[in-house]
Amino acid sequence: MRQWTGTRGRTDILLATVIGAPVAALSVFMAFVSAPGTRAWLVAVSLIVAHAALAARRVSPAASFGVVCAAFAMQTAVTGMFLVLPSTLVFPVALYSVCAFGSRRVVALALGAGVVGAVLVTVRFVHDGSVTAAGLRPDPFLVSGLLLAVVVAAWSLGLRRRTQLAYLAVLRERARHVAAEREERARRAVREERARITREMHDVIAHSLSVIISQAKGGRYAARSDPDRASNVLSTIEETGRHALADMRGLLGVLRSGETNDDGPGQEPQPALRDLPELLDRVRAAGLPVHHREHGTTRRLSPVAELAVFRVVQEALTNIIKHAGPTARAEVEFAWAPDGLTVTVRDRGPERRPVQESGHGLTGMRERIAAVGGSISAEPALGGGFLVTARLPYDARLFSDGGSA
(Lines give C-alpha, C1' and ligand atoms only; values in the text may rest on other atoms or scores of the structure.)
Protein backbone atom coordinates (compact mmCIF):
# COMPACT_ATOMS: atom_id res chain seq x y z
CA MET A 1 0.00 0.00 0.00
CA ARG A 2 2.90 2.34 0.69
CA GLN A 3 4.08 1.87 -2.92
CA TRP A 4 0.68 2.84 -4.26
CA THR A 5 0.67 6.05 -2.22
CA GLY A 6 4.21 6.94 -3.34
CA THR A 7 5.16 9.24 -6.20
CA ARG A 8 5.40 6.43 -8.74
CA GLY A 9 2.01 4.96 -7.89
CA ARG A 10 0.21 8.32 -7.95
CA THR A 11 1.85 9.33 -11.24
CA ASP A 12 0.95 6.08 -13.02
CA ILE A 13 -2.65 6.20 -11.76
CA LEU A 14 -2.93 9.79 -12.99
CA LEU A 15 -1.53 8.93 -16.44
CA ALA A 16 -3.76 5.86 -16.75
CA THR A 17 -6.78 8.00 -15.90
CA VAL A 18 -6.05 11.19 -17.85
CA ILE A 19 -4.47 9.66 -20.97
CA GLY A 20 -5.75 6.09 -20.91
CA ALA A 21 -9.42 6.85 -20.33
CA PRO A 22 -10.02 8.79 -23.62
CA VAL A 23 -8.04 6.21 -25.62
CA ALA A 24 -9.98 3.34 -24.05
CA ALA A 25 -13.29 5.10 -24.70
CA LEU A 26 -12.42 5.62 -28.38
CA SER A 27 -11.35 1.98 -28.77
CA VAL A 28 -14.54 0.71 -27.11
CA PHE A 29 -16.63 2.91 -29.40
CA MET A 30 -14.83 1.55 -32.47
CA ALA A 31 -15.34 -2.01 -31.24
CA PHE A 32 -19.13 -1.53 -30.87
CA VAL A 33 -19.37 0.12 -34.28
CA SER A 34 -17.36 -2.58 -36.07
CA ALA A 35 -18.63 -5.66 -34.26
CA PRO A 36 -21.75 -5.06 -32.17
CA GLY A 37 -23.02 -7.71 -29.83
CA THR A 38 -21.30 -10.06 -27.39
CA ARG A 39 -17.90 -9.80 -29.03
CA ALA A 40 -17.91 -6.03 -28.61
CA TRP A 41 -18.64 -6.39 -24.92
CA LEU A 42 -15.75 -8.83 -24.50
CA VAL A 43 -13.42 -6.49 -26.38
CA ALA A 44 -14.55 -3.55 -24.22
CA VAL A 45 -13.91 -5.43 -20.99
CA SER A 46 -10.46 -6.54 -22.13
CA LEU A 47 -9.53 -2.98 -23.19
CA ILE A 48 -10.65 -1.49 -19.88
CA VAL A 49 -8.71 -4.13 -17.93
CA ALA A 50 -5.57 -3.55 -20.03
CA HIS A 51 -5.66 0.23 -19.52
CA ALA A 52 -6.29 -0.16 -15.80
CA ALA A 53 -3.30 -2.49 -15.50
CA LEU A 54 -0.97 0.32 -16.65
CA ALA A 55 -1.60 2.02 -13.32
CA ALA A 56 0.68 -0.63 -11.78
CA ARG A 57 3.37 -0.61 -14.46
CA ARG A 58 6.10 0.56 -12.04
CA VAL A 59 4.67 -0.57 -8.72
CA SER A 60 4.19 -4.16 -9.92
CA PRO A 61 5.52 -4.35 -13.49
CA ALA A 62 5.39 -8.16 -13.90
CA ALA A 63 1.75 -8.38 -12.78
CA SER A 64 0.79 -5.40 -14.94
CA PHE A 65 2.40 -6.95 -18.02
CA GLY A 66 0.73 -10.29 -17.33
CA VAL A 67 -2.71 -8.69 -17.10
CA VAL A 68 -2.14 -6.75 -20.35
CA CYS A 69 -1.04 -9.94 -22.14
CA ALA A 70 -4.10 -11.84 -20.89
CA ALA A 71 -6.45 -9.03 -21.92
CA PHE A 72 -5.10 -8.76 -25.44
CA ALA A 73 -4.93 -12.54 -25.79
CA MET A 74 -8.68 -12.68 -25.11
CA GLN A 75 -9.30 -9.81 -27.52
CA THR A 76 -7.23 -11.50 -30.24
CA ALA A 77 -9.13 -14.74 -29.76
CA VAL A 78 -12.48 -12.98 -30.04
CA THR A 79 -11.75 -10.64 -32.95
CA GLY A 80 -8.94 -9.59 -35.29
CA MET A 81 -9.43 -5.90 -34.56
CA PHE A 82 -6.37 -5.70 -32.32
CA LEU A 83 -4.23 -3.80 -34.83
CA VAL A 84 -6.78 -1.15 -35.75
CA LEU A 85 -7.65 0.02 -32.24
CA PRO A 86 -5.79 2.92 -30.53
CA SER A 87 -5.47 0.80 -27.38
CA THR A 88 -2.93 -1.36 -29.22
CA LEU A 89 -0.26 1.00 -27.83
CA VAL A 90 -0.93 -0.36 -24.33
CA PHE A 91 1.05 -3.53 -25.08
CA PRO A 92 4.41 -1.87 -26.02
CA VAL A 93 4.06 0.45 -23.04
CA ALA A 94 3.59 -2.53 -20.73
CA LEU A 95 6.52 -4.36 -22.38
CA TYR A 96 8.77 -1.31 -21.96
CA SER A 97 7.74 -0.99 -18.31
CA VAL A 98 8.40 -4.62 -17.39
CA CYS A 99 11.84 -4.47 -19.04
CA ALA A 100 12.72 -1.20 -17.31
CA PHE A 101 11.33 -1.82 -13.82
CA GLY A 102 10.82 -5.59 -13.53
CA SER A 103 13.22 -8.25 -12.31
CA ARG A 104 15.96 -9.62 -14.57
CA ARG A 105 14.36 -13.01 -15.05
CA VAL A 106 11.16 -11.41 -16.36
CA VAL A 107 12.94 -9.46 -19.13
CA ALA A 108 13.65 -12.50 -21.33
CA LEU A 109 10.17 -13.91 -20.72
CA ALA A 110 8.66 -10.58 -21.73
CA LEU A 111 10.54 -10.60 -25.04
CA GLY A 112 9.42 -14.16 -25.70
CA ALA A 113 5.81 -13.23 -24.93
CA GLY A 114 6.05 -10.27 -27.28
CA VAL A 115 7.40 -12.38 -30.16
CA VAL A 116 4.77 -15.09 -29.70
CA GLY A 117 2.05 -12.47 -29.46
CA ALA A 118 3.21 -10.78 -32.65
CA VAL A 119 3.01 -14.08 -34.55
CA LEU A 120 -0.43 -14.98 -33.19
CA VAL A 121 -1.83 -11.52 -33.88
CA THR A 122 -0.48 -11.66 -37.44
CA VAL A 123 -2.18 -15.01 -38.08
CA ARG A 124 -5.45 -13.84 -36.53
CA PHE A 125 -5.44 -10.53 -38.39
CA VAL A 126 -4.58 -11.99 -41.78
CA HIS A 127 -7.26 -14.67 -41.58
CA ASP A 128 -9.92 -12.47 -39.97
CA GLY A 129 -13.17 -12.63 -41.87
CA SER A 130 -13.95 -8.93 -41.57
CA VAL A 131 -10.59 -8.01 -43.09
CA THR A 132 -10.93 -10.36 -46.08
CA ALA A 133 -14.55 -9.30 -46.56
CA ALA A 134 -13.38 -5.72 -46.95
CA GLY A 135 -11.23 -6.84 -49.91
CA LEU A 136 -7.90 -6.40 -48.04
CA ARG A 137 -5.10 -8.89 -48.61
CA PRO A 138 -2.45 -7.96 -45.96
CA ASP A 139 0.99 -9.37 -46.43
CA PRO A 140 1.66 -11.60 -43.38
CA PHE A 141 5.42 -10.98 -43.52
CA LEU A 142 4.91 -7.22 -43.54
CA VAL A 143 2.44 -7.33 -40.66
CA SER A 144 4.63 -9.69 -38.68
CA GLY A 145 7.74 -7.58 -39.35
CA LEU A 146 6.04 -4.40 -38.16
CA LEU A 147 4.80 -6.05 -35.00
CA LEU A 148 8.20 -7.58 -34.25
CA ALA A 149 9.87 -4.21 -34.84
CA VAL A 150 7.53 -2.60 -32.31
CA VAL A 151 8.20 -5.40 -29.81
CA VAL A 152 11.99 -5.18 -30.20
CA ALA A 153 11.91 -1.36 -30.00
CA ALA A 154 9.86 -1.41 -26.78
CA TRP A 155 12.10 -4.12 -25.31
CA SER A 156 15.30 -2.23 -26.23
CA LEU A 157 14.04 1.06 -24.82
CA GLY A 158 13.09 -0.72 -21.62
CA LEU A 159 16.57 -2.20 -21.27
CA ARG A 160 18.13 1.20 -21.94
CA ARG A 161 16.00 2.75 -19.23
CA ARG A 162 16.91 -0.13 -16.91
CA THR A 163 20.61 0.58 -17.46
CA GLN A 164 20.08 4.26 -16.71
CA LEU A 165 18.24 3.47 -13.48
CA ALA A 166 20.99 1.06 -12.42
CA TYR A 167 23.61 3.74 -13.10
CA LEU A 168 21.64 6.29 -11.09
CA ALA A 169 21.30 3.78 -8.25
CA VAL A 170 25.08 3.30 -8.24
CA LEU A 171 25.60 7.07 -8.14
CA ARG A 172 23.13 7.44 -5.26
CA GLU A 173 24.82 4.63 -3.35
CA ARG A 174 28.21 6.19 -3.96
CA ALA A 175 26.92 9.56 -2.81
CA ARG A 176 25.50 7.90 0.30
CA HIS A 177 28.86 6.30 1.05
CA VAL A 178 30.65 9.61 0.48
CA ALA A 179 28.22 11.35 2.84
CA ALA A 180 28.69 8.60 5.42
CA GLU A 181 32.47 8.85 5.13
CA ARG A 182 32.27 12.64 5.42
CA GLU A 183 30.15 12.32 8.58
CA GLU A 184 32.56 9.73 9.98
CA ARG A 185 35.51 12.02 9.27
CA ALA A 186 33.67 14.84 11.00
CA ARG A 187 32.94 12.65 14.02
CA ARG A 188 36.56 11.46 14.07
CA ALA A 189 37.75 15.06 13.91
CA VAL A 190 35.49 15.92 16.84
CA ARG A 191 36.83 12.99 18.86
CA GLU A 192 40.42 13.92 18.06
CA GLU A 193 39.77 17.55 18.94
CA ARG A 194 38.20 16.54 22.24
CA ALA A 195 41.18 14.31 23.00
CA ARG A 196 43.54 17.15 22.11
CA ILE A 197 41.66 19.58 24.35
CA THR A 198 41.65 17.00 27.14
CA ARG A 199 45.43 16.70 26.91
CA GLU A 200 45.80 20.48 26.80
CA MET A 201 43.55 20.90 29.84
CA HIS A 202 45.52 18.26 31.71
CA ASP A 203 48.83 19.92 30.89
CA VAL A 204 47.61 23.40 31.85
CA ILE A 205 45.84 22.42 35.05
CA ALA A 206 48.41 19.90 36.27
CA HIS A 207 51.34 22.25 35.71
CA SER A 208 49.67 25.34 37.12
CA LEU A 209 48.26 23.62 40.19
CA SER A 210 51.59 21.94 40.89
CA VAL A 211 53.31 25.31 40.82
CA ILE A 212 50.60 26.90 42.95
CA ILE A 213 50.71 24.09 45.53
CA SER A 214 54.49 24.23 45.69
CA GLN A 215 54.46 27.99 46.14
CA ALA A 216 51.68 27.81 48.73
CA LYS A 217 53.73 25.37 50.81
CA GLY A 218 56.73 27.69 50.75
CA GLY A 219 54.60 30.74 51.37
CA ARG A 220 53.03 29.24 54.46
CA TYR A 221 56.44 28.99 56.13
CA ALA A 222 57.74 32.27 54.70
CA ALA A 223 54.77 34.19 56.07
CA ARG A 224 56.00 33.54 59.60
CA SER A 225 59.57 34.80 59.17
CA ASP A 226 59.84 36.72 55.89
CA PRO A 227 56.68 38.66 54.88
CA ASP A 228 58.39 40.13 51.81
CA ARG A 229 59.18 36.68 50.47
CA ALA A 230 55.62 35.60 51.23
CA SER A 231 54.40 38.53 49.15
CA ASN A 232 56.55 37.39 46.24
CA VAL A 233 55.16 33.87 46.59
CA LEU A 234 51.62 35.22 46.44
CA SER A 235 52.54 37.23 43.33
CA THR A 236 53.88 34.07 41.70
CA ILE A 237 50.68 32.20 42.61
CA GLU A 238 48.61 35.04 41.20
CA GLU A 239 50.58 35.12 37.93
CA THR A 240 50.46 31.35 37.55
CA GLY A 241 46.72 31.32 38.16
CA ARG A 242 46.21 34.12 35.65
CA HIS A 243 48.17 32.23 33.00
CA ALA A 244 46.23 29.04 33.72
CA LEU A 245 42.92 30.89 33.51
CA ALA A 246 43.88 32.46 30.19
CA ASP A 247 44.94 29.09 28.79
CA MET A 248 41.72 27.44 29.96
CA ARG A 249 39.62 30.20 28.42
CA GLY A 250 41.44 29.70 25.14
CA LEU A 251 40.80 25.95 25.20
CA LEU A 252 37.18 26.23 26.24
CA GLY A 253 36.65 28.86 23.56
CA VAL A 254 37.36 26.19 20.95
CA LEU A 255 34.34 24.26 22.21
CA ARG A 256 31.99 27.19 21.67
CA SER A 257 31.20 26.62 18.03
CA GLY A 258 30.13 29.78 16.28
CA GLU A 259 30.96 31.99 19.26
CA THR A 260 34.64 32.72 18.63
CA ASN A 261 35.94 35.51 16.47
CA ASP A 262 39.32 36.67 15.35
CA ASP A 263 39.92 38.46 18.64
CA GLY A 264 38.29 35.89 20.88
CA PRO A 265 39.98 33.48 23.26
CA GLY A 266 39.47 30.54 20.90
CA GLN A 267 41.88 32.15 18.44
CA GLU A 268 44.83 32.57 20.82
CA PRO A 269 48.05 30.92 19.60
CA GLN A 270 49.20 27.69 21.18
CA PRO A 271 52.48 27.58 23.13
CA ALA A 272 55.66 27.18 21.12
CA LEU A 273 59.39 26.86 21.78
CA ARG A 274 59.65 30.64 22.06
CA ASP A 275 57.53 30.36 25.22
CA LEU A 276 59.89 27.83 26.81
CA PRO A 277 61.93 30.45 28.77
CA GLU A 278 58.72 31.73 30.38
CA LEU A 279 57.77 28.17 31.36
CA LEU A 280 61.20 27.59 32.89
CA ASP A 281 60.95 30.87 34.83
CA ARG A 282 57.61 29.80 36.30
CA VAL A 283 59.09 26.45 37.30
CA ARG A 284 62.09 28.15 38.91
CA ALA A 285 59.73 30.49 40.75
CA ALA A 286 57.95 27.40 42.08
CA GLY A 287 61.20 26.39 43.78
CA LEU A 288 62.61 23.88 41.30
CA PRO A 289 66.07 24.80 39.96
CA VAL A 290 66.15 24.17 36.19
CA HIS A 291 69.23 24.17 33.99
CA HIS A 292 68.56 24.50 30.25
CA ARG A 293 71.10 23.93 27.50
CA GLU A 294 71.06 23.27 23.76
CA HIS A 295 73.51 21.65 21.34
CA GLY A 296 73.68 21.77 17.58
CA THR A 297 72.04 23.97 14.98
CA THR A 298 68.56 25.05 15.94
CA ARG A 299 65.81 24.42 13.40
CA ARG A 300 62.40 25.94 13.02
CA LEU A 301 59.74 23.29 13.62
CA SER A 302 56.10 23.29 12.62
CA PRO A 303 53.58 24.65 15.18
CA VAL A 304 52.34 21.11 15.91
CA ALA A 305 55.85 19.81 16.57
CA GLU A 306 56.76 22.82 18.74
CA LEU A 307 53.57 22.40 20.76
CA ALA A 308 54.35 18.69 21.26
CA VAL A 309 57.88 19.45 22.48
CA PHE A 310 56.67 22.26 24.74
CA ARG A 311 54.02 20.04 26.35
CA VAL A 312 56.49 17.20 26.88
CA VAL A 313 58.88 19.51 28.73
CA GLN A 314 55.99 21.00 30.71
CA GLU A 315 54.62 17.60 31.73
CA ALA A 316 58.05 16.27 32.69
CA LEU A 317 58.78 19.32 34.86
CA THR A 318 55.32 19.09 36.42
CA ASN A 319 55.98 15.47 37.41
CA ILE A 320 59.32 16.50 38.93
CA ILE A 321 57.60 19.17 41.03
CA LYS A 322 54.97 16.67 42.22
CA HIS A 323 57.14 13.59 42.82
CA ALA A 324 60.85 14.42 43.05
CA GLY A 325 60.85 16.13 46.45
CA PRO A 326 62.08 19.55 47.64
CA THR A 327 65.80 18.89 47.02
CA ALA A 328 65.43 17.94 43.35
CA ARG A 329 67.06 19.74 40.45
CA ALA A 330 65.99 19.55 36.81
CA GLU A 331 67.95 19.57 33.58
CA VAL A 332 66.40 20.29 30.17
CA GLU A 333 68.56 19.56 27.16
CA PHE A 334 67.87 20.04 23.44
CA ALA A 335 70.23 18.15 21.12
CA TRP A 336 69.79 19.28 17.50
CA ALA A 337 71.51 16.48 15.59
CA PRO A 338 71.70 16.26 11.76
CA ASP A 339 69.06 13.52 11.68
CA GLY A 340 66.70 14.62 14.43
CA LEU A 341 65.96 16.45 17.67
CA THR A 342 66.40 14.79 21.05
CA VAL A 343 64.79 16.43 24.09
CA THR A 344 65.89 15.21 27.50
CA VAL A 345 64.35 16.19 30.83
CA ARG A 346 66.05 14.75 33.92
CA ASP A 347 65.80 15.42 37.61
CA ARG A 348 68.65 14.94 40.07
CA GLY A 349 66.46 14.08 42.98
CA PRO A 350 66.59 10.96 45.13
CA GLU A 351 66.17 7.58 43.50
CA ARG A 352 62.52 6.69 43.01
CA ARG A 353 60.33 4.22 41.14
CA PRO A 354 58.65 5.09 37.84
CA VAL A 355 55.50 7.12 38.15
CA GLN A 356 52.45 4.97 37.37
CA GLU A 357 50.26 7.30 35.34
CA SER A 358 46.52 6.64 35.56
CA GLY A 359 45.54 9.85 33.80
CA HIS A 360 46.73 11.65 30.69
CA GLY A 361 50.33 12.49 31.65
CA LEU A 362 52.72 9.98 30.12
CA THR A 363 50.01 8.77 27.73
CA GLY A 364 49.48 12.31 26.49
CA MET A 365 53.22 12.79 25.96
CA ARG A 366 53.48 9.57 23.94
CA GLU A 367 50.48 10.54 21.78
CA ARG A 368 51.84 14.01 21.10
CA ILE A 369 55.27 12.80 20.05
CA ALA A 370 53.85 9.90 18.03
CA ALA A 371 51.61 12.34 16.16
CA VAL A 372 54.70 14.04 14.72
CA GLY A 373 56.53 10.80 13.96
CA GLY A 374 58.66 10.62 17.10
CA SER A 375 59.04 8.40 20.14
CA ILE A 376 59.42 8.93 23.87
CA SER A 377 60.73 6.98 26.86
CA ALA A 378 60.27 7.59 30.59
CA GLU A 379 62.36 5.59 33.06
CA PRO A 380 64.48 5.86 36.20
CA ALA A 381 67.86 7.44 35.53
CA LEU A 382 71.21 5.89 36.48
CA GLY A 383 72.43 7.42 39.71
CA GLY A 384 68.95 8.45 40.84
CA GLY A 385 66.13 10.59 39.58
CA PHE A 386 63.94 10.13 36.54
CA LEU A 387 64.68 10.56 32.84
CA VAL A 388 62.28 11.51 30.03
CA THR A 389 63.70 11.35 26.49
CA ALA A 390 61.78 12.38 23.37
CA ARG A 391 63.18 11.83 19.87
CA LEU A 392 61.83 13.55 16.77
CA PRO A 393 63.36 12.54 13.42
CA TYR A 394 63.51 15.37 10.91
CA ASP A 395 60.49 14.93 8.69
CA ALA A 396 58.64 17.21 6.29
CA ARG A 397 55.79 17.35 8.80
CA LEU A 398 58.06 18.91 11.44
CA PHE A 399 59.10 22.01 9.52
CA SER A 400 57.25 25.21 8.86
CA ASP A 401 59.54 26.46 6.10
CA GLY A 402 62.43 23.99 5.98
CA GLY A 403 64.97 26.58 7.19
CA SER A 404 66.96 27.20 10.32
CA ALA A 405 65.95 29.64 12.95
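Q: What makes α11 mostly covered?
A: In this predicted model, 17 of the 21 residues of α11 are buried, and buried here means under 20% relative accessible area.

Q: How do you know that the span of helix α11 agrees with its 21 residues?
A: Helix α11 covers residues 303–323, and at 1.5 Å a residue it should span 30 Å; the end C-alpha atoms are 30 Å apart, so the two agree. Just past α11, Gly325 has a positive phi of about 95°.

Q: Why is Val123 called partly exposed?
A: Its relative accessibility is 46%. Buried needs under 20% and exposed needs over 50%, with partly exposed in between, so Val123 counts as partly exposed. Val123 sits in helix α6, residues 104–126.

Q: Why are α4 and α6 called roughly parallel?
A: Helix α4 (residues 61–78) packs on α6 at an angle of about 10°, with the axes 11 Å apart. Angles under 35 degrees count as roughly parallel, and therefore α4 and α6 get that label. On the α4 side, the contact is made by Ala62, Phe65, Thr76, Ala77 and Val78; α6 brings Val106, Ala110, Ala113, Leu120, Val121 and Arg124.

Q: What classes of residue make the contact of α4 with α6?
A: Nine are nonpolar, one is polar and one is charged.

Technical notes: Residues are numbered from 1 along each chain as its sequence is written. This is a predicted model: local features need pLDDT of at least 70, side-chain atom pairs count only at pLDDT 80 or more; totals for chains, interfaces and linings use all residues. Side-chain values use heavy atoms; hydrogens and water are left out. Helices (H or I, at least four residues) and strands (E, at least two) are DSSP runs, numbered from the N terminus. The expected span of a helix is 1.5 Å times one less than its number of residues. Buried means under 20% relative accessible area, exposed over 50%, partly exposed in between (1.4 Å probe, protein chains only). Axes are lines fitted to C-alpha atoms, for helices over the stretch in contact, and angles run from 0 to 180 degrees between N-to-C directions. Angles under 35 degrees count as roughly parallel, over 145 as roughly antiparallel, 65 to 115 as roughly perpendicular and the rest as oblique. Contact means heavy atoms within 4.5 Å. Ala, Val, Leu, Ile, Met, Phe, Trp, Tyr, Cys and Pro count as nonpolar, Asp, Glu, Lys and Arg as charged, and the others, Gly among them, as polar.
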